[in-house]
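Visitor: I'm new to this one. Could you walk me through how to read it?

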Amino acid sequence: MTRTRPAAAEQNADRRLGQHLLAVVRAQDAAIPAHRRAPRTVAEMRARLAQAAADDACGLCGYWRCRCGQARSTSTAPTSVPQAQQRCSACGGAGGRVVDTSSDGVIRQSWQTCGTCGGSGVSR
């Protein structure tokens with residue numbers, strides 16, 4: 001079975017349909033806010049990953065590997081805790097700990113809330 005070549009009128013209609021669909025898709029894509037639009041190129045994906053990496057640092061000290069423990073030792077906060085609110089013995093008053101699940105060159109750190117004090121840092 002051999003295929004015949006489409007007539008010029010059919011090719012023109014197909015081309016116009018393709019142009020119309022492309023225009024509709026571009027118009028709908030432009031209506032999506034930039035922060036909700038999915039990245040489509042490698043450059044867009046890398047930029048989004050870089051932004052996410054910048055936002056993933058510790059909120060207190062700003063470092064990927066949290067240095068808040070070091071800051072606590074040099075802070076001017078009072079070192080004595082009132083007798084009614086003693087530090088949790090499980091977490092040392094931090095309310096939890098940083099869990100490092102890094103592997104294959106990817107750094108993954110997350111905060112795990114202390115189960116003993118419920119994240120308050122104070123003994124119950």
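Here is a short chat about confidence, a helix residue and some cysteines.

Guide: This is a predicted model, where local features need pLDDT of at least 70 and side-chain atom pairs count only at pLDDT 80 or more, while totals for chains, interfaces and linings use all residues. Residues are numbered from 1 along each chain as its sequence is written, and side-chain values use heavy atoms, leaving out hydrogens and water.

Visitor: Where is confidence lowest, and where is it highest?

Guide: pLDDT is the predictor's confidence in each residue, from 0 to 100. The protein's mean is 77, with 75% of its residues at 70 or more. Helix α3 (residues 68-74) is lowest, at a mean of 56, and α1 is highest, at 90. Over residues 73-83 the pLDDT is below 50, and that stretch has three contacts beyond near neighbours in sequence. Contact means heavy atoms within 4.5 Å.

Visitor: Is D29 buried or exposed?

Guide: Buried means under 20% relative accessible area, exposed over 50%, partly exposed in between (1.4 Å probe, protein chains only). D29 has 18%, so it's buried. D29 sits in helix α1 (residues 8-31); helices (H or I, at least four residues) and strands (E, at least two) are DSSP runs, numbered from the N terminus. Leaving aside residues up to four places away in sequence, D29 touches R37 and R40.

Visitor: How many disulfides does the structure hold?

Guide: A disulfide is a pair of cysteine sulfur atoms within 2.5 Å. The structure holds zero.
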